[in-house]
Amino acid sequence: MIKIDYNLTSYEDLLRHIARVLQLKVVDDTITFTPDIATGFVKLIKLPNGLEVLVYDYIPARDILFHRKKTAREYFALRLDEISGNKEAAKSSVFFGNTLHEWYHMAAANIHQKNVNIILSRDWLQKLLGREDKGDTILNFISLKSPMYHYELLDVEYRRLVNELSDTAIDKDFEGFIVQNRVMLIIERFFTRLYKKISDVNTNIKMSAEDIVRLKLVEQALLKDFSIPPPGISQLSRIAAMSPSKLKMLFKKMFGLPVYQYFQKNRMNKAKAMLLSKKYTIQQVADELGYNQINDFSKTFRKTFEQLPEEI
């Protein structure tokens, strides 16, 4: 397996870092893989509006694990992954996350990967959404969501845009214009759909700034230590200085899941990250996350990811 660790927020720097790790050359902002690594390419596109985009189109010869480490300054990454193959196609998805938290992406050997990666600074996003009537709702949501991970399925329209961006036959005379248009269509589609999901959840519930601060304290207490059972609702209610019913209602509005589903989701995300790092055995991960029986851990993991831990 090849592992590529990075914490860069410039895709130009990232492209050159990937080339150094793989001992390849960058030619015209493109890395062409050698057969021992993969068949295909990764290409940097710098747009007139200031965005950087990395487009991958390749079939790995070996598993490649991309590990984005935490960064000191917050950026946002919007990534579209089209993964070919009968079973693998179900993993095709749209991912949005911030760089204050680490995440992993595994490109499995012999599976065709098409990935479009867009890096967004907070300032750029503020300028884009700040002009819109509903922009503040989205900005507040992604600011409060911690850790900020959002997944959705890669549907037909997203697939079309991915394929157009990875198409090497794009008219070179208008490449910048065409690519910027497609990238902005992806951004428009993602954020308008995200706004609809936000507005559909408990639209009649009001939340004060003080409530938000208290809910953040609840989240910290809930996710502080996965090796022990999570605090009970009564204890979390005392931290939030609100009734259990109000806590459960506001928590779901702010974080999108009931209290203990949110705990379990983050617990399993940590489990997957630990397994992908290849530093821990399944038993060590189960112990770290407070499971007395490895079978209980495996069942929960499979229910969450539709994979057994050993398949990771």
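User: Leaving aside its neighbours within four places in sequence, which residues is isoleucine 59 in contact with?

Analyst: This is a predicted model, in which local features need pLDDT of at least 70, side-chain atom pairs count only at pLDDT 80 or more, and totals for chains, interfaces and linings use all residues. Residues are numbered from 1 along each chain as its sequence is written, and side-chain values use heavy atoms, with hydrogens and water left out. Contact here means heavy atoms within 4.5 Å. With neighbours within four places in sequence set aside, the residues in contact with isoleucine 59 are Ala38, Thr39, Asn110, Ile111 and His112.

User: Is serine 166 buried or exposed?

Analyst: Buried means under 20% relative accessible area, exposed over 50%, and partly exposed in between, with a 1.4 Å probe and protein chains only. Because the relative accessible area of serine 166 is 7%, serine 166 is buried.

User: Which residues does serine 166 touch, not counting residues up to four places away in sequence?

Analyst: A polar atom of the serine 166 side chain lies 3.3 Å from the backbone oxygen of asparagine 163. Not counting residues up to four places away in sequence, serine 166 touches Phe41, Val55, Asp57 and Lys114.

User: How far apart in space are isoleucine 59 and serine 234, C-alpha to C-alpha?

Analyst: Isoleucine 59 is partly exposed, with a relative accessible area of 34%. In sequence, isoleucine 59 and serine 234 are 175 residues apart, and in space, C-alpha to C-alpha, their separation is 51 Å.

Note on methods:
Polar contact = N/O pair within 3.5 Å; in protein donor to acceptor, adjacent residues only side chain to side chain.
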